[in-house]
Amino acid sequence: MSKFLQFHTLTSYPGTLLNRDDAGFAKTLPFGNAKRTRVSSQCLKYHWRHYDGKHAIRKAGDMSIRSRRTFRKKIADELVDEGFDERLTAAVTFGILEMARNGDVTKGAIKDNVQPVLEADDPLDELTIKNIVVFGKPEIDYLKSVAEDTLIALKDENYDDDSVAQTRDAIADLLSDKELSNNLRGMSNAMGIDAAMHGRMVTSDVLAQGDAAVHVAHAITTHAQQREDDYFTAVDELHDEGTGGEEAGAALIQSKELTSGLFYNYVVVDVPLLVSNLEGCARNEWRDADLTLTTDVLQRFLHTITNVSPGAKLSSTAPYAKAEFVMVESGEEQPRTLANSFKHAVEGDDLLEASVRKLTQYTRDIDEMYGKTVDGEIVPHEDRVCATMAKSEAPAPRSTVSDIADNWIPSQLTTHASA
(Lines give C-alpha, C1' and ligand atoms only; values in the text may rest on other atoms or scores of the structure.)
Protein backbone atom coordinates (compact mmCIF):
# COMPACT_ATOMS: atom_id res chain seq x y z
CA MET A 1 0.00 0.00 0.00
CA SER A 2 1.29 3.46 -0.89
CA LYS A 3 1.98 6.14 1.67
CA PHE A 4 1.81 9.75 0.56
CA LEU A 5 2.83 13.15 1.84
CA GLN A 6 0.99 16.09 0.29
CA PHE A 7 2.24 19.68 0.42
CA HIS A 8 0.04 22.72 -0.23
CA THR A 9 1.45 26.24 -0.28
CA LEU A 10 0.23 29.79 -0.91
CA THR A 11 2.92 32.30 -1.87
CA SER A 12 2.45 35.94 -2.93
CA TYR A 13 4.65 37.71 -5.49
CA PRO A 14 4.18 41.41 -6.33
CA GLY A 15 5.41 42.87 -9.63
CA THR A 16 7.30 39.90 -11.08
CA LEU A 17 7.64 37.81 -14.23
CA LEU A 18 8.32 34.43 -12.67
CA ASN A 19 7.98 32.15 -15.69
CA ARG A 20 7.80 33.20 -19.34
CA ASP A 21 6.47 31.52 -22.47
CA ASP A 22 8.26 31.42 -25.82
CA ALA A 23 7.12 34.98 -26.61
CA GLY A 24 8.35 36.42 -23.33
CA PHE A 25 4.95 36.75 -21.69
CA ALA A 26 3.93 35.34 -18.33
CA LYS A 27 2.68 31.77 -18.59
CA THR A 28 -1.07 31.49 -18.03
CA LEU A 29 -3.75 28.85 -17.65
CA PRO A 30 -7.55 29.04 -18.02
CA PHE A 31 -9.13 27.59 -14.87
CA GLY A 32 -12.67 27.87 -13.62
CA ASN A 33 -14.11 31.30 -14.38
CA ALA A 34 -10.83 33.15 -15.03
CA LYS A 35 -7.42 33.05 -16.66
CA ARG A 36 -4.64 32.56 -14.10
CA THR A 37 -0.94 33.35 -14.02
CA ARG A 38 1.05 30.12 -13.96
CA VAL A 39 4.51 28.88 -12.99
CA SER A 40 5.40 25.56 -14.59
CA SER A 41 6.42 22.57 -12.50
CA GLN A 42 9.64 22.32 -14.51
CA CYS A 43 10.54 25.87 -13.53
CA LEU A 44 9.81 25.18 -9.87
CA LYS A 45 11.82 21.96 -9.80
CA TYR A 46 14.78 23.61 -11.53
CA HIS A 47 15.07 26.28 -8.85
CA TRP A 48 14.49 23.82 -6.03
CA ARG A 49 17.26 21.57 -7.37
CA HIS A 50 19.74 24.40 -7.77
CA TYR A 51 19.03 26.17 -4.48
CA ASP A 52 22.24 26.32 -2.42
CA GLY A 53 21.08 27.93 0.81
CA LYS A 54 20.90 26.68 4.39
CA HIS A 55 18.38 23.89 3.81
CA ALA A 56 19.41 23.05 0.24
CA ILE A 57 18.43 19.56 -0.87
CA ARG A 58 21.81 19.16 -2.55
CA LYS A 59 23.45 19.30 0.89
CA ALA A 60 21.78 16.02 1.84
CA GLY A 61 23.97 14.12 -0.63
CA ASP A 62 25.09 13.85 -4.22
CA MET A 63 22.97 15.50 -6.90
CA SER A 64 22.64 14.34 -10.48
CA ILE A 65 24.29 15.73 -13.59
CA ARG A 66 21.87 16.16 -16.52
CA SER A 67 23.62 16.48 -19.85
CA ARG A 68 24.18 15.07 -23.34
CA ARG A 69 27.91 15.57 -22.77
CA THR A 70 28.41 13.64 -19.52
CA PHE A 71 30.53 10.87 -21.05
CA ARG A 72 32.68 13.38 -22.91
CA LYS A 73 33.13 16.08 -20.25
CA LYS A 74 33.12 14.01 -17.07
CA ILE A 75 34.87 10.86 -18.26
CA ALA A 76 36.77 10.97 -21.56
CA ASP A 77 38.13 14.53 -21.39
CA GLU A 78 39.37 13.97 -17.84
CA LEU A 79 41.11 10.73 -18.81
CA VAL A 80 42.76 12.37 -21.82
CA ASP A 81 43.97 15.16 -19.51
CA GLU A 82 45.50 12.43 -17.34
CA GLY A 83 47.56 11.22 -20.31
CA PHE A 84 45.51 8.43 -21.88
CA ASP A 85 45.35 8.16 -25.67
CA GLU A 86 42.48 10.20 -27.11
CA ARG A 87 41.34 7.64 -29.69
CA LEU A 88 41.42 4.68 -27.28
CA THR A 89 39.74 6.70 -24.54
CA ALA A 90 36.90 7.74 -26.83
CA ALA A 91 36.37 4.18 -28.07
CA VAL A 92 36.41 2.61 -24.61
CA THR A 93 34.13 5.30 -23.18
CA PHE A 94 31.67 4.93 -26.06
CA GLY A 95 31.61 1.17 -25.60
CA ILE A 96 30.77 1.65 -21.91
CA LEU A 97 28.11 4.25 -22.78
CA GLU A 98 26.30 1.85 -25.12
CA MET A 99 26.55 -1.02 -22.65
CA ALA A 100 24.80 1.06 -20.02
CA ARG A 101 22.43 2.90 -22.36
CA ASN A 102 21.24 0.14 -24.67
CA GLY A 103 22.39 -3.05 -22.97
CA ASP A 104 24.94 -3.74 -25.74
CA VAL A 105 27.04 -6.11 -23.63
CA THR A 106 27.85 -8.91 -26.10
CA LYS A 107 31.26 -8.99 -27.66
CA GLY A 108 29.79 -8.53 -31.14
CA ALA A 109 27.73 -5.50 -30.11
CA ILE A 110 30.71 -3.89 -28.41
CA LYS A 111 32.80 -4.35 -31.54
CA ASP A 112 30.08 -2.76 -33.69
CA ASN A 113 29.89 0.22 -31.36
CA VAL A 114 33.57 1.01 -30.89
CA GLN A 115 34.76 0.55 -34.48
CA PRO A 116 33.16 3.76 -35.88
CA VAL A 117 34.71 5.72 -33.01
CA LEU A 118 38.15 4.31 -33.73
CA GLU A 119 37.70 5.32 -37.40
CA ALA A 120 36.29 8.80 -36.70
CA ASP A 121 38.28 11.94 -37.55
CA ASP A 122 37.44 13.39 -34.12
CA PRO A 123 36.61 10.40 -31.91
CA LEU A 124 35.76 12.46 -28.81
CA ASP A 125 32.91 14.14 -30.69
CA GLU A 126 31.18 10.76 -30.89
CA LEU A 127 30.57 10.95 -27.13
CA THR A 128 28.10 13.84 -27.37
CA ILE A 129 24.78 12.03 -27.72
CA LYS A 130 21.34 13.22 -28.82
CA ASN A 131 19.49 12.98 -25.54
CA ILE A 132 20.09 14.00 -21.95
CA VAL A 133 21.21 11.35 -19.49
CA VAL A 134 20.95 11.69 -15.73
CA PHE A 135 23.60 10.30 -13.38
CA GLY A 136 24.69 10.94 -9.83
CA LYS A 137 28.33 11.68 -9.07
CA PRO A 138 29.05 8.22 -7.58
CA GLU A 139 27.81 6.57 -10.77
CA ILE A 140 29.92 8.89 -12.95
CA ASP A 141 32.96 8.15 -10.80
CA TYR A 142 32.30 4.42 -11.21
CA LEU A 143 31.99 4.70 -15.01
CA LYS A 144 35.21 6.67 -15.17
CA SER A 145 37.00 4.04 -13.08
CA VAL A 146 35.78 1.31 -15.45
CA ALA A 147 37.10 3.25 -18.43
CA GLU A 148 40.41 3.91 -16.69
CA ASP A 149 40.87 0.26 -15.66
CA THR A 150 40.11 -0.84 -19.23
CA LEU A 151 42.63 1.60 -20.71
CA ILE A 152 45.30 0.41 -18.29
CA ALA A 153 44.53 -3.22 -19.09
CA LEU A 154 44.79 -2.49 -22.82
CA LYS A 155 48.48 -1.71 -22.34
CA ASP A 156 49.06 -5.37 -21.44
CA GLU A 157 47.04 -6.74 -24.36
CA ASN A 158 48.88 -8.20 -27.36
CA TYR A 159 47.47 -6.36 -30.37
CA ASP A 160 48.57 -4.00 -33.14
CA ASP A 161 47.27 -0.55 -32.12
CA ASP A 162 47.58 0.59 -35.74
CA SER A 163 44.94 -1.95 -36.69
CA VAL A 164 41.36 -0.83 -36.10
CA ALA A 165 40.14 -4.43 -36.13
CA GLN A 166 42.68 -5.64 -33.56
CA THR A 167 42.11 -2.60 -31.32
CA ARG A 168 38.36 -3.10 -31.57
CA ASP A 169 38.69 -6.78 -30.63
CA ALA A 170 40.97 -6.04 -27.67
CA ILE A 171 38.51 -3.50 -26.26
CA ALA A 172 35.59 -5.90 -26.75
CA ASP A 173 37.49 -8.72 -24.99
CA LEU A 174 37.95 -6.53 -21.91
CA LEU A 175 34.50 -4.92 -21.78
CA SER A 176 32.56 -8.14 -22.36
CA ASP A 177 33.46 -9.43 -18.89
CA LYS A 178 30.23 -10.87 -17.47
CA GLU A 179 30.37 -9.16 -14.06
CA LEU A 180 31.18 -5.80 -15.63
CA SER A 181 28.36 -6.26 -18.17
CA ASN A 182 25.83 -6.90 -15.42
CA ASN A 183 27.03 -3.88 -13.46
CA LEU A 184 26.77 -1.57 -16.47
CA ARG A 185 23.32 -2.82 -17.42
CA GLY A 186 22.24 -2.01 -13.88
CA MET A 187 23.45 1.56 -14.25
CA SER A 188 20.11 2.53 -15.79
CA ASN A 189 18.78 2.68 -12.21
CA ALA A 190 21.55 4.95 -10.94
CA MET A 191 20.33 8.21 -9.43
CA GLY A 192 21.44 11.24 -7.51
CA ILE A 193 19.08 12.73 -4.94
CA ASP A 194 17.25 14.98 -7.38
CA ALA A 195 16.70 12.15 -9.87
CA ALA A 196 15.42 9.96 -7.02
CA MET A 197 12.91 12.71 -6.26
CA HIS A 198 11.94 14.00 -9.70
CA GLY A 199 12.83 11.08 -11.96
CA ARG A 200 14.69 11.12 -15.24
CA MET A 201 13.07 13.30 -17.87
CA VAL A 202 13.02 14.58 -21.48
CA THR A 203 14.62 11.61 -23.23
CA SER A 204 13.74 8.18 -24.51
CA ASP A 205 17.05 6.59 -23.56
CA VAL A 206 17.16 3.72 -21.11
CA LEU A 207 19.45 5.84 -18.96
CA ALA A 208 16.71 8.44 -18.68
CA GLN A 209 14.14 6.08 -17.22
CA GLY A 210 13.22 6.35 -13.56
CA ASP A 211 9.93 6.94 -11.83
CA ALA A 212 9.55 10.25 -10.02
CA ALA A 213 8.69 9.93 -6.34
CA VAL A 214 7.85 13.64 -6.11
CA HIS A 215 4.96 14.90 -8.25
CA VAL A 216 4.80 18.66 -8.73
CA ALA A 217 1.80 20.55 -10.10
CA HIS A 218 1.99 23.83 -12.00
CA ALA A 219 1.47 26.69 -9.58
CA ILE A 220 -1.49 28.96 -10.41
CA THR A 221 -2.91 32.11 -8.90
CA THR A 222 -5.97 31.68 -6.71
CA HIS A 223 -7.47 34.71 -8.44
CA ALA A 224 -7.73 36.09 -11.96
CA GLN A 225 -4.49 37.16 -13.60
CA GLN A 226 -3.20 40.58 -12.53
CA ARG A 227 -0.84 42.07 -15.11
CA GLU A 228 0.63 45.35 -16.27
CA ASP A 229 2.98 46.39 -19.09
CA ASP A 230 6.11 48.00 -17.70
CA TYR A 231 7.39 50.74 -20.03
CA PHE A 232 11.10 51.45 -19.58
CA THR A 233 13.99 53.22 -21.27
CA ALA A 234 17.75 53.06 -21.23
CA VAL A 235 19.54 56.39 -21.22
CA ASP A 236 22.78 56.87 -23.17
CA GLU A 237 24.86 58.75 -20.59
CA LEU A 238 27.36 59.93 -23.23
CA HIS A 239 24.64 61.05 -25.63
CA ASP A 240 25.08 64.79 -25.03
CA GLU A 241 28.84 64.59 -25.60
CA GLY A 242 28.32 63.11 -29.04
CA THR A 243 25.53 65.40 -30.22
CA GLY A 244 26.30 68.67 -28.46
CA GLY A 245 22.97 68.40 -26.68
CA GLU A 246 21.06 68.89 -29.93
CA GLU A 247 19.30 65.48 -29.90
CA ALA A 248 16.93 64.20 -27.25
CA GLY A 249 15.56 60.75 -26.48
CA ALA A 250 16.55 57.43 -25.00
CA ALA A 251 18.91 54.88 -26.49
CA LEU A 252 16.36 52.14 -25.86
CA ILE A 253 12.59 52.04 -25.36
CA GLN A 254 10.86 48.79 -24.49
CA SER A 255 8.04 47.34 -22.44
CA LYS A 256 7.83 44.12 -20.46
CA GLU A 257 4.89 42.39 -18.86
CA LEU A 258 4.78 42.20 -15.06
CA THR A 259 2.33 40.22 -12.96
CA SER A 260 1.32 39.99 -9.31
CA GLY A 261 -0.36 37.06 -7.66
CA LEU A 262 -0.96 34.68 -4.81
CA PHE A 263 0.06 31.27 -6.12
CA TYR A 264 -1.27 27.92 -4.97
CA ASN A 265 1.24 25.11 -5.37
CA TYR A 266 0.69 21.39 -4.82
CA VAL A 267 3.26 18.60 -4.39
CA VAL A 268 2.81 14.89 -3.70
CA VAL A 269 5.54 12.58 -2.38
CA ASP A 270 5.23 8.82 -2.86
CA VAL A 271 7.11 7.81 0.28
CA PRO A 272 7.83 4.12 -0.52
CA LEU A 273 9.10 5.04 -3.99
CA LEU A 274 11.29 7.84 -2.61
CA VAL A 275 12.86 5.45 -0.08
CA SER A 276 13.34 2.87 -2.83
CA ASN A 277 15.00 5.39 -5.15
CA LEU A 278 17.27 6.80 -2.46
CA GLU A 279 18.27 3.52 -0.82
CA GLY A 280 18.24 1.20 -3.82
CA CYS A 281 15.85 -1.25 -2.18
CA ALA A 282 12.73 -2.80 -3.64
CA ARG A 283 9.68 -0.62 -3.21
CA ASN A 284 7.87 -3.25 -1.14
CA GLU A 285 10.85 -3.47 1.22
CA TRP A 286 11.01 0.24 2.06
CA ARG A 287 9.90 -0.25 5.67
CA ASP A 288 13.08 -2.19 6.42
CA ALA A 289 15.36 0.44 4.87
CA ASP A 290 17.29 3.14 6.69
CA LEU A 291 15.04 6.24 6.67
CA THR A 292 17.73 8.70 7.74
CA LEU A 293 18.41 10.10 4.26
CA THR A 294 14.73 10.15 3.30
CA THR A 295 13.88 12.08 6.46
CA ASP A 296 16.67 14.58 5.83
CA VAL A 297 15.59 15.07 2.19
CA LEU A 298 11.94 15.66 3.12
CA GLN A 299 12.84 18.10 5.89
CA ARG A 300 14.98 20.07 3.48
CA PHE A 301 12.29 19.83 0.83
CA LEU A 302 9.71 21.50 3.07
CA HIS A 303 12.07 24.38 3.78
CA THR A 304 12.91 24.64 0.08
CA ILE A 305 9.37 24.83 -1.29
CA THR A 306 8.37 27.41 1.33
CA ASN A 307 11.46 29.61 0.89
CA VAL A 308 12.80 29.30 -2.67
CA SER A 309 11.39 31.45 -5.47
CA PRO A 310 11.65 31.10 -9.25
CA GLY A 311 14.55 33.29 -10.31
CA ALA A 312 13.48 35.13 -13.47
CA LYS A 313 14.36 38.84 -13.84
CA LEU A 314 16.26 38.95 -10.57
CA SER A 315 17.92 42.30 -11.10
CA SER A 316 14.77 44.20 -12.02
CA THR A 317 12.05 42.57 -9.88
CA ALA A 318 13.78 40.91 -6.87
CA PRO A 319 11.25 38.04 -6.94
CA TYR A 320 11.88 36.74 -3.43
CA ALA A 321 9.01 35.66 -1.22
CA LYS A 322 8.23 33.05 1.41
CA ALA A 323 5.07 30.97 1.56
CA GLU A 324 2.38 32.56 3.71
CA PHE A 325 0.53 29.27 4.07
CA VAL A 326 1.70 25.66 4.02
CA MET A 327 -0.20 22.51 4.87
CA VAL A 328 1.32 19.03 4.92
CA GLU A 329 -0.83 15.92 4.87
CA SER A 330 0.02 12.28 5.42
CA GLY A 331 -2.09 9.30 4.43
CA GLU A 332 -2.68 6.17 2.37
CA GLU A 333 -5.59 7.34 0.20
CA GLN A 334 -5.04 8.59 -3.34
CA PRO A 335 -3.84 12.20 -3.10
CA ARG A 336 -6.07 15.07 -4.26
CA THR A 337 -5.25 18.64 -5.14
CA LEU A 338 -6.94 21.51 -3.32
CA ALA A 339 -6.62 23.77 -6.37
CA ASN A 340 -10.31 23.19 -6.92
CA SER A 341 -10.91 25.44 -3.92
CA PHE A 342 -10.25 28.24 -6.38
CA LYS A 343 -12.37 27.21 -9.39
CA HIS A 344 -14.23 30.44 -8.73
CA ALA A 345 -11.43 33.01 -8.69
CA VAL A 346 -10.84 34.64 -5.32
CA GLU A 347 -11.74 38.32 -5.08
CA GLY A 348 -11.32 41.00 -2.44
CA ASP A 349 -8.73 43.20 -0.81
CA ASP A 350 -7.02 40.45 1.21
CA LEU A 351 -6.29 37.57 -1.12
CA LEU A 352 -4.48 35.48 1.49
CA GLU A 353 -7.32 35.52 3.99
CA ALA A 354 -9.92 34.88 1.30
CA SER A 355 -7.87 32.05 -0.20
CA VAL A 356 -7.32 30.35 3.16
CA ARG A 357 -11.06 30.55 3.90
CA LYS A 358 -11.91 28.96 0.54
CA LEU A 359 -9.25 26.28 0.95
CA THR A 360 -10.48 25.50 4.47
CA GLN A 361 -14.09 25.18 3.33
CA TYR A 362 -13.18 23.01 0.36
CA THR A 363 -11.10 20.72 2.59
CA ARG A 364 -14.05 20.31 4.93
CA ASP A 365 -16.35 19.55 2.00
CA ILE A 366 -13.97 16.87 0.73
CA ASP A 367 -13.72 15.39 4.23
CA GLU A 368 -17.50 15.28 4.56
CA MET A 369 -17.84 13.55 1.20
CA TYR A 370 -15.03 11.01 1.54
CA GLY A 371 -14.12 10.89 5.25
CA LYS A 372 -15.26 8.29 7.74
CA THR A 373 -17.64 8.90 10.64
CA VAL A 374 -16.42 8.07 14.14
CA ASP A 375 -18.73 8.76 17.10
CA GLY A 376 -20.82 11.02 14.93
CA GLU A 377 -17.87 13.10 13.75
CA ILE A 378 -16.25 13.24 10.32
CA VAL A 379 -12.64 12.01 10.45
CA PRO A 380 -10.48 12.76 7.38
CA HIS A 381 -8.34 10.06 5.81
CA GLU A 382 -5.24 12.21 6.18
CA ASP A 383 -3.29 13.46 9.17
CA ARG A 384 -2.49 17.12 8.57
CA VAL A 385 -0.78 20.15 10.01
CA CYS A 386 -0.30 23.71 8.75
CA ALA A 387 1.62 26.91 9.29
CA THR A 388 0.22 30.23 8.13
CA MET A 389 0.27 33.99 8.60
CA ALA A 390 -3.48 34.13 7.88
CA LYS A 391 -5.78 34.95 10.77
CA SER A 392 -8.73 33.07 9.29
CA GLU A 393 -9.63 29.61 10.48
CA ALA A 394 -7.23 27.07 9.00
CA PRO A 395 -7.96 23.55 7.71
CA ALA A 396 -5.51 21.89 10.13
CA PRO A 397 -3.89 22.40 13.54
CA ARG A 398 -1.34 25.21 13.42
CA SER A 399 2.37 24.83 13.91
CA THR A 400 5.54 26.38 12.50
CA VAL A 401 7.47 25.40 9.39
CA SER A 402 10.47 24.45 11.52
CA ASP A 403 8.41 22.29 13.87
CA ILE A 404 6.72 20.52 10.95
CA ALA A 405 10.13 19.79 9.43
CA ASP A 406 11.89 18.85 12.67
CA ASN A 407 9.15 16.84 14.36
CA TRP A 408 5.97 16.21 12.38
CA ILE A 409 7.54 14.79 9.20
CA PRO A 410 9.91 12.38 11.05
CA SER A 411 7.04 11.14 13.22
CA GLN A 412 4.87 10.49 10.17
CA LEU A 413 7.63 8.53 8.45
CA THR A 414 8.10 6.43 11.57
CA THR A 415 4.36 5.82 11.76
CA HIS A 416 4.19 4.83 8.08
CA ALA A 417 7.16 2.48 8.37
CA SER A 418 5.79 0.69 11.42
CA ALA A 419 2.21 0.37 10.12
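Tutor: A residue is called buried here at under 20% relative accessible area, exposed at over 50%, and partly exposed in between (1.4 Å probe, protein chains only). The model is predicted, with local features requiring pLDDT of at least 70, side-chain atom pairs requiring pLDDT 80 or more, and totals for chains, interfaces and linings using all residues. Residues are numbered from 1 along each chain as its sequence is written, and side-chain values use heavy atoms, without hydrogens and water.

Of the chain's 419 residues, 52% are buried. The chain has 14 helices and 13 strands (DSSP runs numbered from the N terminus: H or I of at least four residues, and E of at least two). Helix H4, residues 107-119, gives an example of burial: Ala109, Ile110, Asn113, Val114, Val117 and Leu118 are buried there. Helix H3 (86-102) and helix H6 (164-175) are among the elements that cover these buried residues of H4, through contacts (heavy atoms within 4.5 Å).

Now the cavities. The whole structure holds two of 30 Å³ or more. A cavity is a set of points on a 1 Å grid where a 1.4 Å probe fits but cannot get out, and its lining residues have an atom within 4 Å of a point; the volume is the space filled by probe spheres set on the points.

The largest cavity contains about 140 Å³ of space. It is lined by 15 residues, and those closest to its centre are Thr11, Tyr13, Leu44, Asn265 and Pro310. Strand E1 (4-16), helix H1 (41-50), strand E9 (252-270) and helix H11 (292-307) each contribute at least two residues to this lining. E1 has the largest share, with three residues. In terms of class, eleven lining residues are nonpolar, four are polar and none is charged (nonpolar: Ala, Val, Leu, Ile, Met, Phe, Trp, Tyr, Cys and Pro; charged: Asp, Glu, Lys and Arg; polar: the others, Gly among them).

The second largest cavity has a volume of about 30 Å³. Its lining consists of Phe4, Gln6, Ser330, Gly331, Glu332, Glu333 and Glu382. Two or more of these residues come from each of E1 and strand E10 (325-331). This lining divides into one nonpolar, three polar and three charged residues, whereas the lining of the largest cavity has no charged residues.

Methods:
1 Å grid on protein atoms, 1.4 Å probe; cavity = no way out; pocket = protein on both sides within 12 Å on 5 of 7 lines; lining within 4 Å.
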